[in-house]
Amino acid sequence: MNPRRWIVPGTIAMIVALAWAWRPAAGREQDILPGRTRPLLQANWPLPRDLKFAANTFQPPDAKSALVTTPEGVRAFIVSAPDDPVVRITAAIPLGRALEQAGEAGASELASRVLTQNVRDRLGRTFVGRVQVDQEVDATRVSLQVLPDDWKQGLQALVDALRQTSFEGAAATFKTGTGYAAQTRGLGGPAFRPSVELVRLVSTYPLAPPDPAQSVRPEALVSLASRSLRPEAVVLSIGGGVARADAARELQSLTNGWRAAASQTPSSPVTSQSKTPAERVKLIDQPGYTTWLAVGHALPKIAPADEAAVAVMTDILNIRLNIAVREIRGLANGISLQVPATTRQEGLLQVRSGARPESIAPIVHYALEELTRIRTDAGSPSSDELEEVKGGLILSKWQGSLDGARDASATYALETMRYGSVDRLMAWPTAVRAVTAADVKRVATTYLHPDRMVTVIIGQLDAVRKARHPRWPMALEDVGGRK
């Protein structure tokens with residue numbers, strides 16, 4: 001029996017009609033994104049700028065009334081929120097490799113480990129809570145998140161560790177590590193290996209981590225700790241479900257008699273030295289599905305007057321980079337431009353990404369293209385871009401860092417430890433709102449130099465060399481003259 005006899009003529013007509021209906025409409029080819037097969041979604045949604053919202057009435061907790069200073073000079077920001085089921089206690093400490101002096105390389109990393117372990121030991125294994133340490137080049141934060149019934153025990157463990165931790169003998173077997181972690185996923189964190197390899201190419205310690213397997217001298221560890229753990233240098237915060245009066249009373253009791261160690265002979269921290277790499281690209285062979293990359297150059301200290309404009313430039317470029325690399329061309333799940341968390345020291349300006357081997361060369365090409373374009377009149381940010389980014393910097397990042405007792409108290413402590421007050425923090429929204437398109441171009445030409453970029457690629461090198469993207473068949477040799 002011929003199966004075609006069983007096809008109803010009407011069915012054939014329906015199939016033809018559906019195929020005709022789903023064909024690309026005439027003149028719609030320009031609405032299809034490169035690398036995609038379906039046209040852009042058509043909708044009558046309003047533009048974001050046409051949406052109406054209630055006025056933003058956010059007010060952060062008053063830093064002045066939150067500040068408590070004990071007779072020993074210990075400063076703490078206490079922000080009470082009776083309904084909060086958690087209490088966060090944080091110590092912001094001037095401890096990081098940018099503050100190490102000659103002969104102290106690696107001492108800040110070891111000091112933070114010893115201090116954090118001392119806190120955990122004092123709390124004991126049965127303690128319910130979380131201890132977290134975050135270390136940047138100029139600051140270390142040790143934080144405890146505890147239940148309201150346990151805040152006194154947590155505060156006592158942290159203060160006692162700051163006052164009484166012994167660093168004698170801690171350096172006996174310690175050697176500095178590689179500076180990076182095994183890459184599995186994600187682009188964040190200081191241990192992203194391509195970033196660490198990149199900073200070692202373009203600069204020396206302390207911008208770059210110390211060389212692996214470097215020993216720390218016991219006297220260096222003790223000296224650094226004595227400078228960093230002075231009562232007037234550490235700034236504490238207590239935020240959440242705790243009564244302010246009770247916390248202030250307990251803090252004063254715990255810090256009673258805390259005195260700084262004998263003064264050290266002052267000397268200047270070690271200064272990084274810029275390098276001129278022999279090659280503009282470093283390739284590291286490593287098995288795995290994803291190839292990781294970092295492209296960047298050393299960044300000098302940013303002038304305080306330029307900080308807001310640099311922040312606006314960074315966020316504009318992050319939007320543009322993700323549009324160019326991810327949204328339009330589908331080359332990667334994400335791409336990120338990063339500048340240092342603090343502008344008081346020199347740092348590394350870098351673009352991070354990860355993708356399949358055939359996408360690596362195109363990612364580098366289009367990233368450099370966007371970084372170059374923002375330095376020109378043609379790449380000047382539009383008013384919509386400026387408003388979007390300013391809104392994100394103020395309403396999301398700044399307001400988010402001060403929204404709630406726990407976040408606000410910890411933010412105040414870190415800011416005060418770094419800058420001596422919260423004046424800079426509270427003036428940030430005004431500084432961001434004042435940034436113009438001309439300011440963005442000016443800081444881009446001052447701090448952003450695509451012609452100096454160095455590239456680190458870690459992954460399947462044979463695949464990266466041989467692979468060609470079907471739509472953008474570039475090789476590494478085609479990108480900025482790299483070989």
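I count two strands as paired if DSSP finds at least two bridges between them.

The model is predicted, so I took local features only at pLDDT of at least 70 and side-chain atom pairs only at pLDDT 80 or more, while totals for chains, interfaces and linings use all residues. Residues are numbered from 1 along each chain as its sequence is written, and side-chain values use heavy atoms, with hydrogens and water left out.

**Entry 1: the five-stranded sheet.** I looked up strand 7 and found it parallel to strand 11 (residues 454–459), with five bridges between them. V281 has T455 of strand 11 as its bridge partner. The sheet is open, with mixed pairing and the order 7-11-8-10-9. Strand 7 (281–285) and strand 9 (335–338) are the edge strands, each pairing on one side only. From one strand to the next the twist averages 15°. I noted angles between lines fitted to C-alpha atoms, for helices over the stretch in contact, on a scale from 0 to 180 degrees between N-to-C directions. Helix 5 (residues 193–202) lies across strands 7, 8, 10 and 11, at about 145° to strand 11; contact here means heavy atoms within 4.5 Å.

**Entry 2: R352.** I placed R352 in strand 10 (residues 347–355). R352 is buried and has no salt bridge. Buried means under 20% relative accessible area, exposed over 50%, and partly exposed in between (1.4 Å probe, protein chains only). A salt bridge needs a side-chain nitrogen of Lys or Arg within 4 Å of a carboxyl oxygen of Asp or Glu. The nearest side chain of opposite charge is E136, 12 Å away. I did find the backbone oxygen of L187 at 2.4 Å from a polar atom of the R352 side chain. Leaving out residues up to four places away in sequence, R352 touches residues including L187, G188, F192 and S336.

Entry 3: Strand 3 (residues 87–93) and strand 5 (residues 140–146) run antiparallel, joined by seven bridges. A92 has R141 of strand 5 as its bridge partner.

**Entry 4: Q101.** I found Q101 in the loop between strand 3 and helix 3 (107–123). Q101 counts as buried because its relative accessibility is 11%.

Key:
Helix = DSSP H or I, 4+ residues; strand = E, 2+ residues; numbered from the N terminus. Lys, Arg positive; Asp, Glu negative; His and termini not counted. Polar contact = N/O pair within 3.5 Å; in protein donor to acceptor, adjacent residues only side chain to side chain.
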